[in-house]
Amino acid sequence: MRGLTWDRVTSILLIAPSAIAILIFVYGFIGWTGWVSLARWDGMLQDLTLVGLRNYQKLFDTERFQIDLHNTVTFTLLFLASSLVIGLLLAVLLDQRIRSEGLFRSIYLFPMALSFIVTGVVWRWLLNPGSRELGSVGVNLLFDKAGLGLLKSGWYTDPSIGIKAVAIAATWQMSGYVMAMYLAGMRGIPEDLREAARVDGASELEIYRHIILPLLQPITLSAVIILGHISLKIFDLVSAMTGPGLGFCTDVPAYFMFDTTFRGNHFSQGAAIAIILLLSVAALIIPYLVYTARTEVQR
Amino acid sequence: MKGFRFYGFVVALVVLGMIAAACGPTPPPAAPKGKLEIFSWWTAGGEAEGLNALYDVYKKKYPGVEIINATVAGGAGAQAKAVLTTRMLGGDPPDSFQVHAGHELIDTWVVAGKMEPLTSLYKSEGWDKAFPKGVLDIVSYKGDYWSVPVNIHRSNVLWFSKKVFADNKLEPPKTFDDFFKVADALKAKGIVPLVMGTKDGWEAGHVFEDALAGTLGAEAYNGLWTGKTAWTDPKVTEALNNFKKMLAYINTDHSALTWDGAGQYLIDGKGGMMIMGDWTNGWFMSKNFTGYGWAPTPGASGIFVALSDSFGLPKGAKNRDNVIAWLKVLGSKEGQDAFNPKKGSIPARIDPDKNLYNDYLKSAMADWAKDAIVPSPIHGAAASEGWATAYKDTIAVFVAKQDVAATQKALQQACVDAKVCK
């Protein structure tokens, strides 16, 4: 190369602290967690004797963890599907050049400004089942007043609903964000394309179906990645809204990890859950990174 | 331009220097003698007032010391324990911290070699005579004492609405049979017989420990936690069946409520009974509710399921002398009588000034003096935290599935995992 110019020296010096910090505090600790997850550290006395995959084996045998995995899959599928559909729908509606579009855009986007803790507390009240003796509250009260008592349910206290109620709250918070992404994408599609299609006799529905949606594919992919990793790691919403729930019907791996590490002092088991979470998020993100890297090279 | 680049280099160096300075070791506090950091989860109502009363006693005696009140909010210390674990393992222990006396202290911190024994302090302060034997047993391990208990709470209390009971001409039940009769009578009137809140996950385990004590009796119950009574015992099956029957009488929205949220049923006269520790007494007072009565839980008359908050001396405490002075205040009659009437618990000492306490606490003191004292698992006295967590999770699943055989097997397995049973 052309030797060390001041430019290169300063740029290396400027980037070095964060590179070193990330190397230690991110990758170093991932490695440390991986090691702990293979060790026999169970209690306050640090014990780093390796025991192979025994912690993982035991974890998958634990009923609570099996329920958690099941819950995570349910939650992720529901949350992704409903956020994408509602987000797209809102974006299409806002795309119709309605009046005071800015106002509606803000309204739909506002929930995202809240933290999951706030959302959790609010939805805990809204979806509180109430009881026969003390009367209905929240959404159930609304159903009562509207004469729709049939629709009342136990929400998150009903094990057959459980985590799905949490997905409602998460969807409420994140679908506005998906809408913003889709709307930006739609605005990026040149008007000429629509015009051309109209000239060719395509109906508005066909335009969305055959032109807009295919062009929005990269946005759908980004949305799936962003929502997906939020959903796999979800903790704060569950913690504020329901806790582990009746028979763990709203429990998630991250909550179990906190419980077992800091209440049960099972450090190795906690580390094993952390590694499984990491792997599941990696399974989602790495193909995406590879894909974007490839498309960038092609460009 | 050249000058600019050099300037950039200087900026980079300065930035690096600042980062290095920020990462460097922080200098130790200048005057170690002047501070005392007390770590606890006492942030709410009566608890915080009790803690402040202790601080006042301390400040009067040692005006030069500045107290740092390090509290982490959250019932039963769930969040505080996570912070404490991080600090202890990170080599930055608070000067003294709140911990449930018994296995939570012993198995978590003493066995790991993180605490200093307090035996000489017990001798010099005469505490080995001031505390009853039941308490001394709980705080000792391998012949040493490890923490100073500041209070005693009772787990097995059945609270009931006096109005509901009087309206329906009912008496507080003494046995499980009585309990189910009373429950049926209340249910027929459209009143929730037993109110429960299970949102935080530990409350069902709390009610079940009292059902265990009520079904097995003091000695066999104690044996469960020491390995002398097998978890496969038919009596445990009976306790599970009793508990299962109780679950048929609870409010439908229990998993949406915390224990205090459930208490609202009693205050509103819509619920008849509630099983919860005697901190409920303080909560009722804070709600200006006076129409409540109390009795031991079914089958457990003469049994006092106890838990105790205590403070110890971690190794490497920065202000050791101040901690010793703090512990002396905690163990003194003056300190315990300042703290407990506000916290709503009874003193661990045997010589309190009874006039300072309300009616409930007077009756608890009387029971404390004559009942068989047994430890609570869910509140850290009977079992290690690992075991207590497994026990809690098992009972949480039981509330949903109500499978007696599978639960009994899981309870046995938890005992084996804790290396108490074989």
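The centres of domain 1 of chain B and domain 2 of chain B, taken over C-alpha atoms, are separated by 26 Å. An assignment, automatic or from a database, gives domain 1 of chain B as 36–153 + 307–375 and domain 2 as 154–306 + 380–417. The model is predicted: local features need pLDDT of at least 70, side-chain atom pairs count only at pLDDT 80 or more, and totals for chains, interfaces and linings use all residues. Residues are numbered from 1 along each chain as its sequence is written, chains are lettered from A in the order in which they are written, and side-chain values use heavy atoms, without hydrogens and water.

Between the domains, 27 residues of domain 1 of chain B are in contact (heavy atoms within 4.5 Å) with 24 residues of domain 2 of chain B. Tyr360(B), Val374(B) and Pro375(B) supply 32% of the area that domain 1 of chain B buries against domain 2 of chain B.

Between the chains, the contact takes 41 residues from chain B and 40 residues from chain A.

The table gives buried area, the accessible area (1.4 Å probe) that two parts lose on being put together, summed over both.

| Parts | Buried area | Carbon and sulfur share |
|---|---|---|
| Chain B and chain A | about 3,500 Å² | 66% |
| Domain 1 and domain 2 of chain B | about 2,300 Å² | 60% |

A salt bridge places a side-chain nitrogen of Lys or Arg within 4 Å of a carboxyl oxygen of Asp or Glu. Four salt bridges are counted between chain B and chain A; Glu63(A) and Lys401(B) meet in a salt bridge (2.7 Å, N to O). Three are counted between the two domains of chain B, and Arg154(B) forms a salt bridge with Asp367(B), with the closest N and O atoms 2.8 Å apart.
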